[in-house]
Amino acid sequence: MAADPGSPAAGAPAAQWRAQVAVDAPIWGALDYRSAVELAPGSVVRVPLGRQVVCGVVLRCSVDDGADPALKEVGQVCGALPPLGADWMALLRFSASYYQRPLGELMAAALPGWLREHPAQAVARRLRATRQRERCAAYALTALGAQQLPQRIAQRNVALWRLACALGLQRAGAAPDVGDAPRLPVASARGLHPRAAQVLAEWLREGWVREIPASALGSELPHGPVQPPQLREEQALAVQALQAPGFAAHLLFGITGSGKTEVYLHAAQQVLERDPQAQVLLLTPEINLTPQLLQRLAERFPRQRLALLHSGLAEAERFDHWAAAHAGQARIVLGTRLAVLASLPRLALIAVDEEHDPSYKQQEGARYSARDLAVWRARHLGIPVLLGSATPSLESWHAACTGRYRLLRLRQRAGGEMPQVDLANSRDDPLLRAGGPIGRALFDALAQRLQLGDQSLLFLNRRGYAPVLCCPDCGWMSDCPHCDAHLVYHRTDRSLRCHHCGHRQPVARACPQCGSLDLQPVGRGTQRVEEALAALFPQARIARIDADTAARKGQAEASFAQVHAGEVDILVGTQMITKGHDFRRVGLVAALNPDAGLFSHDPRAPERLFAQLVQAAGRAGRAGASALGARMLVQTAYPEHVLYQALQRHDYAGFAARELEERRRAGMPPFRFQALLRAEHAREPRLQDFMEQAAALAAELAADGATTVYPAVPSSLARRAGVHRQQILVESDRRRALHVLLGAWRPALQALAGGVRWAIDVDPTDF
Ligand code: ADP
Ligand code: ZN
Ligand code: ZN
């Protein structure tokens, strides 16, 4: 007897479902797959794609009508992971459409790589193992540990010391009273040391620490968290402003050291106390700054689970942190720009520290602005967002001036004073004219500080020894064979290196063009300054921090620790040394030659220069200890320039007003809206051809009159790694008009591309 076709036979699959899946591939739109079970939207799955298996997220699931018998089956479902929430999906949908990227690709970028690359069983296993490990919620120092640990940790091992200090151990001095020592939560330990779990397990075996199970944590804690300082009135007002329910964007404007971080901490505390499940997201621009901030968080919130999200974590670690945030267990999430796309089901407050920092803008793939997405996310969720800076971006400042953002001001510095800014004219300085990097005024200032035992900090934005090697006889210059850029001379290993494509070659002994033996390094980088300082001040202890020294693992951190410990007299470096570090004994900060930022083709260069100089100035006089007072010295050929004049007066508002007026006149953001088409190809004529057609298409689409399409121009680095690069700027009075154009332009470009690599950069910050 034939089975009734309407009722499934025993053993055959029941109702079939059809799932729309956004897959990890550069594909526009979702793909359909068949599934035997209904899948919740937001489920993470693995699906076949061509010959591969890729990660995907289910967008929708409906009963299959059987219309497409060729549909493939969903491979695996990550059932151990709760589905991603509707809010997260909305955030990703918005980001994909706003930044003109495929949804699946963006979702994949937002998920931790470890999750994307492991089968569902492995994910389930890891989640189980983590849960088990975390039954122990915290560690505490034992009396034995207090006695023995200090002898067992090498002075130089910064990461180990960070762990030990978080347990209450002091680098020098008396052993702590262990009854009173702080508890180190497992979750925070992971942020302090990359292999914290193993290290603590070993210390446990030695009897140096003991475990405090999660269940006992509340009663085990003999004392509350580290006592926060009493807020000053202006800080208290800021925290209070954040109590208002609903969406509001607040711009917290205060000089470095005015207590902005303290405001974030108090606001977070308030939110966590009000709602026992609430989550707080704290964004910071630099991986380098996360350990410091994390330690402050761990001290203040010893009972809360913290999560850390940045690209410097090992993939599996990052997955653990991400999963804790996604499960709602992590109450405070600290991270760099990618953390803005984390799944945070109970998000109640977002704080963006140093909101002006250019590194919030992703410069490849999906070129999103983490700051802008933070504001969007807060608005979507109806929660407050706090943007903090001493030098706000002109966009945020404008929004605050026009009432879209609420301005919260901190006018006083918590400890110490603002440095006096002096402008040293470099035009007819005898020492500079003799070819050295240190002018008369700076030399005298350094000598004085050395005598007093103050630390000095010197920065310039060029690493290496000299930016180019030249032949004075025939004019030959060390150019990169693959880029429109010079090869930088690195003296330490006698190499010529391209900072754009990584090309490296040994230094030629003789000029490759004329054979002259008299090749000269021209200009100066950090290595050359370090060398000059050593010659000028042979008795001084000098250290250098830049991308080259930081490339050696732990080296930058060790150097920073040396500076903190007072073992360095003069620190030379790139902008890496100007950010965030709370140096206690720096009396003098000097910018060696910042003038390039005054005359750059990049319209944002002045804004960045100003921010950087203010940041750098903020490193001086934090503790206000120097007898000479804190000082910043700028070596410049243009001391009368309005930017430096504003810097000298500590007048951000004046600087911003002038810049904004110029932007208004020039029709630039925030008064108009921009997008950039960036394209590259190995063959210039092919690229040219594509760009001409692209520009013509855009011009057609921009017929509304509100939008301007500029002709294609070479990018600032017109050739990189052998590839030619060009860009087209599109500008509009109305954001909507611009996005309508982009929405139509993008598919047309796709049809046109044929091998040309291209991408649309919305709200570009880099020209
Ligand atoms: P910012 O983030 O603006 O640079 P921080 O919040 O880091 O400033 O504060 C700078 C220093 O001043 C920190 O050491 C901090 O602990 C301290 N501080 C901040 N606010 C207060 C306050 N109200 N009372 C005492 N110390 C404070
Ligand atoms: Zn020559
Ligand atoms: Zn190159």
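The model described is a predicted one.

The structure holds three cavities of 30 Å³ or more. For the largest cavity, the volume is about 70 Å³. Its lining is made up of Ala109, Ala110, Leu111, Pro112, Leu309, Arg318, Trp322, Leu338, Ala339, Leu341 and Ala342. Two elements, α2 (103-110) and α13 (315-326), each give two or more residues to this lining. By class, ten of the lining residues are nonpolar, none is polar and one is charged. Arginine counts as charged, and Arg318 is among the residues that line the largest cavity.

**Strand pairing around β3**

Strand β3 (residues 44-49) runs antiparallel to strand β4 (residues 52-63), and six bridges join them. Within this pairing, valine 47 has valine 54 of β4 as its bridge partner. The hairpin of β3 and β4 has two residues between the strands, and in this hairpin glycine 50 takes a positive phi near 60 degrees.

Strand β3 is also joined to strand β5 (residues 76-77), again in the antiparallel sense, by two bridges. Here valine 45 stands opposite valine 77 of β5.

**A three-stranded open sheet**

Another part of the model holds an open sheet of three strands, in the order β19-β20-β21, with antiparallel pairing. Its edge strands are β19 (488-490) and β21 (504-506), each of which pairs on one side only. From one strand to the next, the twist averages 30 degrees.

Strand β20 (residues 495-497) pairs with β21 over three bridges, in the antiparallel sense.

**Summary of the pairings**

| Strand pair | Sense | Bridges joining the strands |
|---|---|---|
| β3 and β4 | antiparallel | six bridges |
| β3 and β5 | antiparallel | two bridges |
| β20 and β21 | antiparallel | three bridges |

Notes. Residues numbered from 1 in each chain as written. Chains lettered and ligands numbered in written order. Predicted model: local features only at pLDDT ≥ 70, side-chain atom pairs only at ≥ 80, totals over all residues. Heavy atoms only, no water. Pairing = 2+ DSSP bridges. Helix = DSSP H or I, 4+ residues; strand = E, 2+ residues; numbered from the N terminus. 1 Å grid on protein atoms, 1.4 Å probe; cavity = no way out; pocket = protein on both sides within 12 Å on 5 of 7 lines; lining within 4 Å. Points joined across faces, edges and corners; volume = space filled by probe spheres on them. Axes fitted to C-alpha atoms, helices over the stretch in contact; angles between N-to-C directions.
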